[in-house]
Amino acid sequence: MTKSLTAPILRKAPKVLLHDHLDGGVRPATVIDLAAASGYDALPSTDDEELSRWFYEAANSGSLERYLETFAHTVGVMQTREALARVAAECAEDLAADGVVYAEIRYAPELHVDGGLSLPEVVEAVNEGFREGERRAAAAGTPIRVGALLTAMRHAARSMEIAELAVRYRDEGVAGFDIAGAEAGHPPTRHLDAFEYLQRENAHFTIHAGEGFGLPSIWQAIQWCGADRLGHGVRIIDDITVGPGGEADLGRLAAYVRDKRIPLEMAPTSNVMTGAAKSIEDHPIGLLRKLYFRVTVNTDNRLMSGTSMTQEFVKLAEAFDYDLRDFQWFTVNAMKSAFIPFDERLALINDVIKPGYAALATDR
Ligand SMILES: [Zn+2]
């Protein structure tokens with residue numbers, strides 16, 4: 001086995017990120033600043049290294065309460081226009097510095113109205129932040145394009161309102177819609193009116209499915225709700241049987257997902273932390289990549305998982321001995337699956353991603 005690809009090389013590789021939560025990627029120092037500015041006094045530490053360790057440990061503790069507490073703090077300090085714009089701008093800057101060239105970042109507008117903002121004001125503040133972040137990234141020589149995905153919470157009853165918001169802002173920085181939150185007991189079919197509305201409006205959406213919960217959740221997301229993509233979709237592996245000779249037998253649902261090229265937004269580190277996969281080495285991404293499912297690599301929550309796109313690639317390179325061709329394949333998969341128009345996706349693939357990988361391959 002050759003030495004696996006390292007962070008300095010993979011950081012230079014163009015990357016595309018489709019599944020990343022805005023409130024899961026705030027800089028620890030910014031959480032502290034924003035808490036001080038808003039009088040939020042519930043943070044477990046005001047030292048940024050200590051706080052960053054706390055986030056990782058709480059998220060990794062196996063306790064759902066502690067995991068949710070991490071988001072209570074980030075969301076708690078993201079309740080003003082300035083705070084939202086700052087977090088969004090820094091998100092775009094951090095991703096660009098990590099070599100991400102295109103990203104779709106999701107957040108739930110309904111979680112950011114405690115300070116008196118209306119839902120449209122939340123969307124406008126985040127959009128303004130992304131545009132500022134794009135300007136700073138371009139000035140730093142690392143151009144990035146960022147779109148927003150508006151998330152509705154699956155246990156709440158505002159999905160229709162959020163879907164309407166996604167359609168209202170679709171030409172102004174919002175690429176699509178998402179639904180998130182605990183899967184068990186909250187089937188996506190509860191939000192059918194929102195999904196049907198989006199389909200009638202020719203709008204795009206993804207659904208968190210098949211992370212904590214199995215095949216029925218994936219089946220509902222695709223066959224009842226009409227999801228364009230699956231958030232995680234890890235459990236699709238339950239519909240695949242591998243024989244003693246290594247031959248794979250796909251059940252009807254797995255075959256449908258592969259045949260229809262339905263993108264799977266997988267986030268290896270996060271999937272291990274939530275127990276959806278045992279380890280990176282055991283992550284279904286290894287088999288799914290071999291079987292040519294439309295797999296994409298994502299970060300999910302950079303702060304809580306202590307990760308980045310480069311870090312996810314490094315771990316996959318170590319676990320599966322992937323080379324640059326594999327990472328270009330994951331990246332092109334993600335770009336093909338983005339919610340922006342086809343010609344714009346193609347331009348990023350041909351003008352940015354392929355030349356970026358070609359230059360890296362000749363550099364080495
Ligand atoms: Zn997620």
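A residue is buried if 20 or more other C-beta atoms lie within 10 Å of its own, exposed if 12 or fewer, and partly exposed in between, with C-beta atoms placed from the backbone. The model is predicted: local features need pLDDT of at least 70, side-chain atom pairs count only at pLDDT 80 or more, and totals for chains, interfaces and linings use all residues. Numbering starts from 1 along each chain as its sequence is written. Helices (H or I, at least four residues) and strands (E, at least two) are DSSP runs, numbered from the N terminus.

View 1. Strand 3 covers residues 145-153. Of its 9 residues, 8 are buried, so the rest of the structure largely encloses this strand.

**View 2. Strand 2 beside strand 3.** Strands pair if DSSP finds at least two bridges between them. Strand 2 (residues 100-107) runs parallel to strand 3, joined by 6 bridges. Glu-104 faces Gly-147 of strand 3. From strand 2 the chain passes through helix 6 (residues 119-139) to strand 3, a right-handed β-α-β crossover. Right-handed means that, with the strands pointing away from the viewer, the path from the first strand over the helix to the second runs clockwise.

**View 3. Strand 3 beside strand 4.** Strand 4 (residues 174-180) is parallel to strand 3, with 6 bridges between them. Ala-148 has Val-174 of strand 4 as its bridge partner. The chain gets from strand 3 to strand 4 by way of helix 7 (residues 159-168), in a right-handed β-α-β crossover.

**View 4. Positive phi at His-232.** Phi is near 80 degrees, and this residue is not glycine. His-232 sits in strand 6 (residues 229-232). His-232 is buried because 28 C-beta neighbours lie inside 10 Å.
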